[in-house]
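Thanks for making the time this morning. I would like to walk you through one structure, and I will take it a piece at a time.

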Amino acid sequence: MPTRRLQQALLVVLFVCALPAAACAQQPTGGNEELSFNPVTYRNDQYGFSLKYPDNYKEDKSKEKDTMVFNAVGPLAGGRIPVLTINIFDKDRAQEQAIELIRAGSGSDIKITPLKEITLKDGKTAGRISMTAWYHNDAKFDMRGLSLGVVKGSSQITVTLTSIFAMYNEDKYMEILNTFTLE
C-alpha cells in the first residue's frame, strides 16, 4: 500500500477534528464492557493518554514523524484496509496545521459530518467525534474516516480510524475510540 494513501487518509480526517462546530451532547456508554477484539494498549507517557486497539493491527513506525506519534494498519477485511493514526497538534493551531497537511495531499469532494461532543466510556474524557468522506485524486478511490479530538493542555490529541476503499465500520471504530483515556 503506497505511503501516499495513508497520508491522505490521515490528512483529511485530521482536518475534521480541527474544525469548530456545534455540539451535540452524548452520555457515557458505560465502564467495563468487554471489547469485541483482543486489545493491545498504546500508551503515550509524554502526552499522558492510552488507547486500546485490535492486536491484529501492525504498528508502522516509519510513518511516525512530525505530528504523528502512532500509526498502525489493520488487516484487509471486507475489501477495506483500516488505518489507525494518532497525531498531536497545537490546540491553537490545529485547524491551520490540518489545512496545511490537506493542501500537501490530493483529496477532494470532502464531506464532513458535524462534530459531536461526547464523553467517553471512562466517564471523564470529553472529546469531539466526526466523520469525513473524500475522494483521493491520485489513487482514484473514495475514503472514509472517524476521528476523536481531545484537548489536553496546549495540545490537541487526534485519534483517527480510516478505511481505505470507502467502506468502514463506524460501530467498531467507535468501540476503539471509546477506549481512549487521559492519564
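Let me begin with a question: in which loop does Asp-66 lie? Before I answer, please keep in mind that what you are looking at is a predicted model. Asp-66 sits in the loop that runs between strand 3, residues 58–59, and strand 4, residues 68–73. Its phi is near 55°, which is a positive value in a residue other than glycine. For context, most residues other than glycine have a negative phi. Asp-66 is also exposed, with a relative accessible area of 78%, where the cut-off for calling a residue exposed is over 50%.

Let me turn now to the hairpin. Strand 9, residues 141–152, and strand 10, residues 155–164, pair in the antiparallel sense over 10 bridges, and within this pairing Arg-144 of strand 9 stands opposite Ser-163 in strand 10. Two residues lie between the strands of this hairpin, and there Gly-153 takes a positive phi near 60°.

Three strands make it up, in the order 1-2-11, and their pairing is antiparallel. Strand 1, residues 39–44, and strand 11, residues 181–182, are at the edges with a single partner strand each, so one side of each is left without a neighbour in the sheet. Strand 1 pairs with strand 2, residues 49–54, in the antiparallel sense over six bridges, and Asn-44 stands opposite Phe-49 in strand 2.

That is where I will stop, and I am happy to go back to any of these places on the screen.

Definitions and conventions: Residues numbered from 1 in each chain as written. Predicted model: local features only at pLDDT ≥ 70, side-chain atom pairs only at ≥ 80, totals over all residues. Heavy atoms only, no water. Pairing = 2+ DSSP bridges. Helix = DSSP H or I, 4+ residues; strand = E, 2+ residues; numbered from the N terminus. Buried < 20%, exposed > 50% of the residue type's maximum accessible area, 1.4 Å probe, protein only.
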